[in-house]
Each structure stands twice: as C-alpha cells, then as structure tokens.
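Please view the sequence and the model together.

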Amino acid sequence: INDTGFSEELAPAPWEPEGAVDDSAFPLGVQVGDPRSDSANCWTRYQGDAEATLVVAQWDGQGWSEWSRTVWTPAGGGYVHAPVEGLSAGTWYAFFFEGSTGRSITGRWRSPDSAGLRTLVFGGSACTWNGHAPFPVLSQAAQADLDFFLLAGDQVYADNSQSVSDYRAHWTANLGTAGYRDLLSSTASIATWDDHEVRNEWGTNPVSAEQEAQGKQVFFENTACTPRLGDPLWRSLRFGDALELYVLDCRSERDPATGQYISEEQLEWLVESMRSSNAVFQ
C-alpha cells in the first residue's frame, strides 16, 4: 500500500511458452481489448491455413499456468476476435495464438479489479501518421507496465482509400510496425476512432455511404473492441472503485448542419452514467 492508500502490484515475469514464433502467419502480433474484471477480447490476424488456437495462461503469484485453450476460425481477411470470459478480477493473464506452422508472439494484461482502490498507470496516443513509423515511442510505452492504453483515434491515415483492401493495407502497414506490435502485446487497449480511419474531416465534410461503411468495417476488423459493426461505439469500462472510463464516438454522429457533436442518445447515456457512477475518477 502506498502513501495514497492505493495498492500496487509489480508486473509478473514474461510468459515464455514453448513453440517457435511464426511472424509470417501472425504478422500483426496480438492485441487484447476492452478489459473487464471478468472478460476481455483477444485478437490477431492469421495468415495460415484453417483454424487458430487461442492459449491463455494465468499468473498465480509464483508462475504461469495454462488456463484455457479454444479454437477459432478466422473471419474474412484472416481476422480473429476471440472473447475470453470467466476471468478472475485483478489477475494477470497472458496469451498467444497457435497455427499449423508456429505461434504468435505472446501478449498479456491484468484484468481490472471488481472493487477497491489500486494505483492505475495508463498511456494514450492519437494520430499515428505512417510517416512517423515505426513509432519508437510506442515501443517505449510497452516497457511501462501499463494497466491499459488508450487509442484515441487516427490510428491510420486511410483518407484516399477506395476499397476494403485499401483500408486493410493502411492498417497492416501501421499494426505491423515494431511500435504497435510491442505496445499492443504489452497491455490491454481501448480504442475509438477519429476522422482519418475513414477520410479526412469525416463527420464535418460529406463522405459517401460506401466509403464510411468500408472504413468502419476495417476499423472493427483491426481493433480488439467489444462493439461490433452496426453497434454504437460508445461504452464504459470500470477499474474497481478507482476509475470509470467513458469511450465516446465524436465522429460518426456529428451533424454539421445543426452543430450536433454527438447524438442525443449518446449524450443521455453519458450523463446518466456519470450521475450513477461511484468511481473516484471518471
């Protein structure tokens, strides 16, 4: 317990499972998104044949032991979104995906506490223009033992994309860098979008329905969000009694004609959520 009354816990030693890493099959590494006290969403892009196996390990304070093993069939483009449920609150987990020719790099995260106060350390970024690749600052953040990392929009600059394959190429270029691979395997991420995931000034200037649909589709393909295409992006995540985090959608609901920034529905949800929350920080 530190002098603020918040408890602290050192991160465990890395998990070193058997098996060779095959970056050709898992070129974008791994992600885990939207951490909750009892669930999270593991992600990869698998370029191999047939199915991929998700292997999750749990830290018991002394060492790692395998906790679960599930088989997943990739969706179009090779994307795997693997929900993990039944987790214990305030516990370290590690994971990798395994294919026919080897495995991915390992990732890890700590499930949020269900109650109580604990020191939280988190980071965030926005506007990772590809001209700054390979994003060494993200590799530095990966060394900080963060509880979570906020991806606050403009993860890609896909403005001139004309097809799903164009959008995917932008995401592949960024997520395949050392910075993103290091960061997203080191802690849980929480993502929202800004304009460049679709087109410059999306939400302010007109964008075709087709282009907007393609940009949204590929955003959800390449992030470990728990919302899915067609669902509202806005949501909240709770970290014990210390923090309630509200993730907003400040792009797709804009109406330049009226000055509306977010929908009445989203605003009402946010206000009522904040009124009812007892978290120390919001």
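A residue counts as buried when its relative accessible area is under 20%. The model discussed here is predicted.

Q: Which residues of α3 are buried?
A: In this helix, 7 of the 9 residues are buried, so α3 is largely enclosed by the rest of the structure. The cover over these buried residues includes β1 (30–33), β7 (107–110), α1, β9, α2 and β10 (188–191). The buried residues are Gly179, Tyr180, Arg181, Leu183, Leu184, Ser185 and Ser186.

Q: Which residues have the most contacts inside the largest nonpolar core?
A: The largest nonpolar core has 28 residues. Two or more residues each come from α1 (136–141), β9 (148–151), α2 (164–175), α3 (178–186) and α4 (209–222). A second, separate core of 20 residues includes Val32, Ala52, Val56 and Phe95. Within the largest core, the residues with the most contacts are Phe149, Leu175, Tyr180 and Phe219.

Q: What is Leu175 in contact with, leaving aside its neighbours within four places in sequence?
A: Leu175 is among the residues with the most contacts inside the largest nonpolar core. Leu175 is also one of the α2 residues that meet α4. With sequence neighbours within four places left aside, its contacts are Leu28, Gln31, Trp43, Gln155, Tyr180, Arg181, Leu184 and Asn222.

Q: At what angle do α2 and α4 pack?
A: Two packed helices are described by the angle between their axes and the distance between the axes. On the α2 side the contact includes Val164, Tyr167 and Trp171, and on the α4 side it includes Gln214, Val218 and Phe219. The residues of this contact divide into 6 nonpolar, 5 polar and 2 charged. The crossing is right-handed, the axes are 9 Å apart, and the angle is about 35°.

Q: Is Asp34 buried or exposed?
A: Asp34 lies in the loop between β1 and β2 (39–45). Its phi is near 45°, a positive value in a residue other than glycine. Its relative accessible area is 0%, under the 20% cut-off, so Asp34 is buried.

Q: What is the relative accessibility of Cys127?
A: Cys127 lies in the loop between β8 and α1, and has a positive phi of about 65° although it is not a glycine. Cys127 counts as partly exposed, and its relative accessibility is 40%.

Terms used
Residues are numbered from 1 along each chain as its sequence is written. This is a predicted model: local features need pLDDT of at least 70, side-chain atom pairs count only at pLDDT 80 or more; totals for chains, interfaces and linings use all residues. Side-chain values use heavy atoms; hydrogens and water are left out. A nonpolar core is a set of buried Ala, Val, Leu, Ile, Met, Phe, Trp, Tyr and Cys residues joined through side-chain atoms within 4.5 Å. Buried means under 20% relative accessible area, exposed over 50%, partly exposed in between (1.4 Å probe, protein chains only). Helices (H or I, at least four residues) and strands (E, at least two) are DSSP runs, numbered from the N terminus. Contact means heavy atoms within 4.5 Å. Axes are lines fitted to C-alpha atoms, for helices over the stretch in contact, and angles run from 0 to 180 degrees between N-to-C directions. A crossing is left-handed if the near helix is turned anticlockwise from the far one by less than a right angle, and right-handed if clockwise. Ala, Val, Leu, Ile, Met, Phe, Trp, Tyr, Cys and Pro count as nonpolar, Asp, Glu, Lys and Arg as charged, and the others, Gly among them, as polar.
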